[in-house]
Amino acid sequence: MSALKIKKGATSHSAYNLRPNFSDVIERHTLAVLVENEPGVLARVIGLFSGRGYNIDSLTVAEVDHTGHLSRITIVTSGTPQVIEQIKAQLGRIVSVHDVHDLTVEGASVERELAMFKVAGKGDHRVEALRLADIFRANVVDSTLESFVFEITGAPEKIDAFADLMRPLGLTEVARTGVAALSRGD
Amino acid sequence: MIVQALIDQGVDTVFGYPGGAVLPIYDEVFQQNSIKHILVRHEQGAVHAAEGYARSTGKPGVVLVTSGPGATNAVTGLTDALMDSIPLIVLTGQVPTFMIGSDAFQEADTVGITRPCTKHNWLVKETDKLSGVIHEAFHVATSGRPGPVLVDIPKDVQFANGTYTPKAPSTSHYQPQLKGDLAAITELVEAIEKAKRPVFYTGGGVINSGPGASQLLRELVEATGFPITSTLMGLGCYPASGDKWLGMLGMHGLYEANMAMHGCDLMINIGARFDDRITGVVDMFSPKSKKAHIDIDPSSINKVIRVDIPIMGDVGHVLEDLLKIWKSRGRKTNSEAVAKWWKQIEEWRAVDCLKFNQKGTTIKPQHALARLEALTKDHDRYICTEVGQHQMWAAQYLGFDDPNRWMTSGGLGTMGYGFPASIGVQMAHPDALVINVAGEASWLMNMQEMGTAVQYRLPVKQFILNNERLGMVRQWQELLHGERYSQSWSEALPDFVKLAEAFGAKGILCDNPDDLDDAIMEMINHDGPVIFDCLVEKHENCYPMIPSGKAHNEMIMGENVDTQMAIDKDGAVLV
């Protein structure tokens with residue numbers, strides 16, 4: 001129509017072209033979410049992330065208070081500051097969620113992850129893997145003549161670094177728990 | 001036990017449909033007289049009817065349906081209620097606990113399917129917990145931002161005997177904050193005192209907060225003298241006959257309302273959520289204003305639009321504190337500047353953006369609604385709508401002076417909402433005039449509920465603006481898709497008069513503007529359900545309209561409105 005100056009046969013136009021112009025710096029945040037330990041609660045949290053298109057970099061969950069029926073979910077997520085704020089607000093309004101803490105902004109915190117690496121090899125590679133494991137304070141929890149399973153605990157960056165070193169030495173399998181985190185001090 | 005819990009919660013009406021997995025509950029329903037059960041014809045209808053009941057009374061609506069298809073048919077209604085913050089308690093039957101997960105007959109993972117479309121849901125596996133969960137369900141549905149909840153009850157849990165927990169104040173951790181932060185409210189008061197071009201932008205949150213909130217809003221608007229506009233969901237929170245009223249805003253909102261939003265220096269959002277149908281292009285949305293936002297849901301604040309003064313709390317509580325603080329500081333406003341702002345608004349008003357020209361022998365839909373308004377406005381009237389052009393025209397041409405009088409599917413835009421909703425409204429208000437303004441395509445989506453209307457002698461009036469088109473789809477195809485009218489034309493429509501008669505109701509056909517008033521009077525005066533088939537202009541477009549990718553000050557208008565001059569001039573004023 002003339003009022004819109006759109007030619008006959010033009011391609012479609014949508015009313016959803018509404019992207020706001022907020023900061024697009026991607027930040028990585030670690031959130032601690034205390035939830036009622038009830039069936040489906042993890043599905044609620046994960047469903048929120050998938051339904052609204054948020055990222056999950058890592059997620060761990062376990063009951064932490066049996067008498068209080070509370071579980072703690074630690075989520076590492078990334079997004080623009082606006083998205084991170086939304087994630088926290090959206091988590092906060094889930095009825096089963098008691099509390100949401102953004103450990104990244106609420107002062108200093110410690111993050112730890114446990115990982116197991118299976119490294120197969122012989123000769124020099126095997127010796128080198130063992131030496132590096134020692135430097136990283138990784139323990140050998142299983143051993144055959146042709147393989148090791150290392151157990152390593154640390155910040156995610158340390159585990160990434162160990163993985164990088166193991167790869168050329170015959171890394172065959174990795175299992176990681178995801179991040180658990182607590183704020184420092186009281 | 002379930003029926004007892006409902007009675008203790010003050011429930012008088014349940015909308016539902018029986019089936020194998022809820023037979024024990026239906027057996028209880030049979031053996032009591034405190035709760036009236038309305039048998040719908042489709043579970044979607046039950047949920048929309050409960051929404052209409054809830055929206056028009058302020059009380060939660062209650063639905064009872066069976067497992068499997070009963071629950072999945074309720075999903076659209078649940079999603080609709082979630083988007084529009086309508087409190088509902090939906091009870092679904094489930095296969096016995098020992099059969100869950102075995103793909104039993106009429107089994108569906110109801111809590112899984114409805115998790116994203118309810119505020120919260122429960123699967124109750126122990127009879128002892130059943131009554132407590134139902135009481136908690138009412139608490140969750142009605143506190144904070146209201147919404148639908150679902151309780152899934154396996155058949156063996158229904159059959160077993162258990163201990164009944166009486167209703168008591170909820171002790172759960174879910175206790176949303178009602179009071180707003182006083183420092184933030186004071187900041188808003190300071191902004192109100194200084195504002196030169198203020199506007200109130202109100203929404204459904206005012207209505208959800210209860211009639212007290214609408215009362216406080218009216219007091220605030222009258223005392224400050226600031227103009228007020230509202231979203232589709234908020235119509236009625238401030239009277240349409242009030243002189244501060246600018247009309248609805250948004251994609252099909254009034255010119256003066258959208259221009260005021262664009263040009264204001266202080267926007268006070270009360271219980272609205274910056275929906276995309278309101279803001280248009282976010283980057284160009286009201287670029288020069290300071291924005292305050294009162295909302296009970298923290299996730300609504302800063303979701304779409306960054307605001308300067310966020311206030312988290314219940315609208316009624318916050319307005320009460322706001323008025324108190326503003327009065328204690330001497331009731332100041334910048335009245336000189338506001339008077340100038342009003343002069344500007346009057347110029348926008350003078351454009352008369354809803355002007356239309358009823359000529360010839362074809363009824364213009366706007367004319368039909370203008371006549372409906374004139375002939376029904378003095379009645380004790382409730383209006384429902386379906387979704388589409390007729391919905392926007394109803395919002396533009398009908399006036400609402402009180403809250404809870406306007407039932408429409410705003411967020412989800414559910415075609416087929418209005419007819420069952422009108423049944424729920426009529427159940428709650430048996431003596432009122434309940435009209436569903438519909439398009440013929442939407443109306444057909446839940447037309448089976450004619451059976452319900454006739455069975456319960458509910459005199460709901462189905463006012464169908466029949467253009468034999470999916471009007472809004474057709475309009476978008478005309479404006480945005482090169483006039484390629486793909487699948488937006490309904491062939492083989494029923495004869496609505498005969499259809500009404502087949503159900504044992506009255507049908508009225510009107511295709512001439514000269515007969516319109518008499519026909520509408522005939523509809524009003526008939527004591528029973530009526531299908532009013534109003535044949536209207538087939539290619540009428542709904543204006544004003546903010547086209548996609550445009551800002552509030554770039555509306556397009558109907559052919560009868562002289563816009564060019566006004567827009568150029570106003571654009572110059574605002575830049």
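**Exercise 1. How many residues of domain 2 of chain B are in contact with residues of domain 3 of chain B, and with how many?**

Solution. The structure is a predicted model, and the domain assignment of chain B is the place to start: domain 1 spans 2-159, domain 2 spans 182-350 and domain 3 spans 365-535. Taken over C-alpha atoms, the centres of domain 2 of chain B and domain 3 of chain B are separated by 31 Å. Across this pair, 13 residues of domain 2 of chain B are in contact with 13 residues of domain 3 of chain B. On the side of domain 2 of chain B that touches domain 3 of chain B, nine of the residues are nonpolar and four are polar, while no charged residue is found there.

**Exercise 2. Work out whether the radius of gyration of chain B agrees with that of a compact globule.**

Solution. Begin with the expectation, which for a compact globule of 575 residues is a radius of gyration near 25 Å. Chain B has 24 Å, and therefore agrees with that expectation. Next consider the extent along the principal axes, where the C-alpha atoms of chain B fill a box of roughly 75 × 60 × 40 Å. Within chain B, buried residues make up 54% of the 575 residues, and the secondary structure comprises 24 helices and 18 strands. Finally, among the contacts in chain B that join residues at least 6 apart in sequence, 77% link residues at least 24 apart.

**Exercise 3. Describe the make-up of chain A and the confidence of its model.**

Solution. Chain A has four helices and nine strands, which follow one another from the N terminus as β-α-β-β-α-β-β-α-β-β-α-β-β. Of its 186 residues, 23% count as buried, and residues 24 or more positions apart account for 74% of the contacts in chain A with a separation of 6 or more. As for confidence, the mean pLDDT of chain A is 90, with 88% of its residues reaching 70 or more. Over residues 6-12 of chain A, however, pLDDT stays under 50, and for this stretch the model has nine contacts beyond four places in sequence.

Notes
Residues are numbered from 1 along each chain as its sequence is written. Chains are lettered from A and ligands numbered from 1 in the order in which they are written. This is a predicted model: local features need pLDDT of at least 70, side-chain atom pairs count only at pLDDT 80 or more; totals for chains, interfaces and linings use all residues. Domain bounds come from an automatic or database domain assignment. Two residues are in contact if their C-beta atoms, placed from the backbone, lie within 7 Å. Ala, Val, Leu, Ile, Met, Phe, Trp, Tyr, Cys and Pro count as nonpolar, Asp, Glu, Lys and Arg as charged, and the others, Gly among them, as polar. Helices (H or I, at least four residues) and strands (E, at least two) are DSSP runs, numbered from the N terminus. The radius of gyration is taken over C-alpha atoms; the globule rule is 2.2 Å times the number of residues to the power 0.38. A residue is buried if 20 or more other C-beta atoms lie within 10 Å of its own, exposed if 12 or fewer, and partly exposed in between; C-beta atoms are placed from the backbone. pLDDT is the predictor's confidence in each residue, from 0 to 100.
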